[in-house]
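Welcome! Below are some exercises to work through with the model open beside you. Try each task before reading its solution.

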Amino acid sequence: MLELKGLTFAYGAVKAVNQVDLFVEKGSIHGLIGPNGAGKSTCIELISGNRKPTAGMIVYDGQDITAKSISWRRHAGISRSFQRISVFDGLTVADQLELAARAVGESDLDTIVAELDLGNTLTEHCEAVSYGEQRRVDIALALLGEPPLVLLDEPAAGLSRDESLQLADHLAHLAEERGTTVLIVEHHLEVVFRICSRLSVLEQGSVIADGVPEEVRREPRVMEAYLGRAA
Ligand SMILES: Nc1ncnc2c1ncn2[C@@H]1O[C@H](COP(=O)(O)OP(=O)(O)OP(=O)(O)O)[C@@H](O)[C@H]1O
Ligand SMILES: [Mg+2]
């Protein structure tokens, strides 16, 4: 579904992403993990088209999309979550979701609302819902229109352990039901190990491990990267 080949990006002298190779299989939930500053968000921005790589190639569904614009990628079905609900003042959650659903031709908003347990929030104004509910609205917006590939950058940031795990389960269920491929950056490792079928670990811009979660978990370099962060 998605392949990164030698993907590289530098902010001035800082090589945030350095020769990254990554293969995301169709229908999988692929975790992108690593310590702070590893280059995870920059990778997401390169894939969504918000930044242009210094070198390397992005292949999506068999096509080289490295030079394509953000809107081209969005139309081709690459969706990403938003950090916060971007709304016009005074819209209810229902208005926001319905507007967005209409814009992308989503026919099954009810299922998404039910799965993400947003039924009680529909008549609330977007600004008034809880933080956890906002995160779930973010996920709903990213999934509208059945995009084949969804990019999520820390969807569970700021949530409690229980909320994170619950969000992860809803996400995994929806993704499976709709055959959505997901690339997810997440710091809650419990979430990652629970829902991801493949993992890539970044450290200082480079992939230091890659594979099924059980394998990656046992890699000494991964342990070091995480212990280094905790120390
Ligand atoms: N706008 C920017 N200008 C300059 N340097 C940046 C910018 N954004 C990120 N960086 C640097 O690029 C590197 C990678 O940052 P990035 O945000 O991609 O990491 P990350 O893995 O998402 O980290 P985190 O887990 O903290 O979100 C870091 O060294 C960071 O300081
Ligand atoms: Mg980040």
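For counting charges, Lys and Arg are positive and Asp and Glu are negative, while His and the chain ends are left out. The place of a charge is NZ of Lys, CZ of Arg, CG of Asp or CD of Glu. This is a predicted model, in which local features need pLDDT of at least 70, side-chain atom pairs count only at pLDDT 80 or more, and totals for chains, interfaces and linings use all residues. Residues are numbered from 1 along each chain as its sequence is written, chains are lettered from A and ligands numbered from 1 in the order in which they are written, and side-chain values use heavy atoms, with hydrogens and water left out.

**Exercise 1: Charges**

Find how many positive and how many negative side chains the protein chain has, and how far apart the centres of the two sets lie.

Step 1. Counting gives 22 positive and 34 negative side chains.
Step 2. The centres of these two sets are 7 Å apart.

**Exercise 2: The overall build**

Describe the secondary structure, the size and the surface of the protein chain.

Step 1. Helices (H or I, at least four residues) and strands (E, at least two) are DSSP runs, numbered from the N terminus. The protein chain has nine helices and 10 strands.
Step 2. The radius of gyration is taken over C-alpha atoms, and the globule rule is 2.2 Å times the number of residues to the power 0.38. For 231 residues the rule gives 17 Å and the protein chain's radius of gyration is 17 Å, so the chain is as compact as a globular protein of that length.
Step 3. The C-alpha trace spans about 50 × 40 × 35 Å along its principal axes.
Step 4. A residue is buried under 20% relative accessible area, exposed over 50% and partly exposed in between (1.4 Å probe, protein chains only). Of the 231 residues, 48% are buried.

**Exercise 3: The aromatic pair**

Work out how the rings of Phe-9 and Tyr-11 are arranged.

Step 1. Rings of Phe, Tyr and Trp (its six-membered ring) pair if their centres lie within 6.5 Å; planes under 30 degrees apart count as stacked, over 60 as edge-to-face and the rest as tilted.
Step 2. Searching the whole structure turns up one aromatic pair. The ring centres of Phe-9 and Tyr-11 are 4.8 Å apart with planes at 80°, so this pair is edge-to-face.
Step 3. Phe-9 is buried at 10% relative accessibility, whereas Tyr-11 is partly exposed at 33%.

**Exercise 4: Links across the sequence**

Which residues does Ser-28 touch, not counting residues up to four places away in sequence?

Step 1. Ser-28 belongs to the loop between strand E2 (14-24) and strand E3 (29-33), and is buried, with a relative accessible area of 7%.
Step 2. The residues touched by Ser-28 are Thr-180, Thr-181, Val-182 and Ser-197.
Step 3. Gly-179 lies in the loop between H6 and strand E8 (181-185) and is partly exposed at 47%.
Step 4. For the whole protein chain, 66% of the contacts between residues at least 6 apart in sequence join residues at least 24 apart.

Definitions and conventions: Contact = heavy atoms within 4.5 Å.
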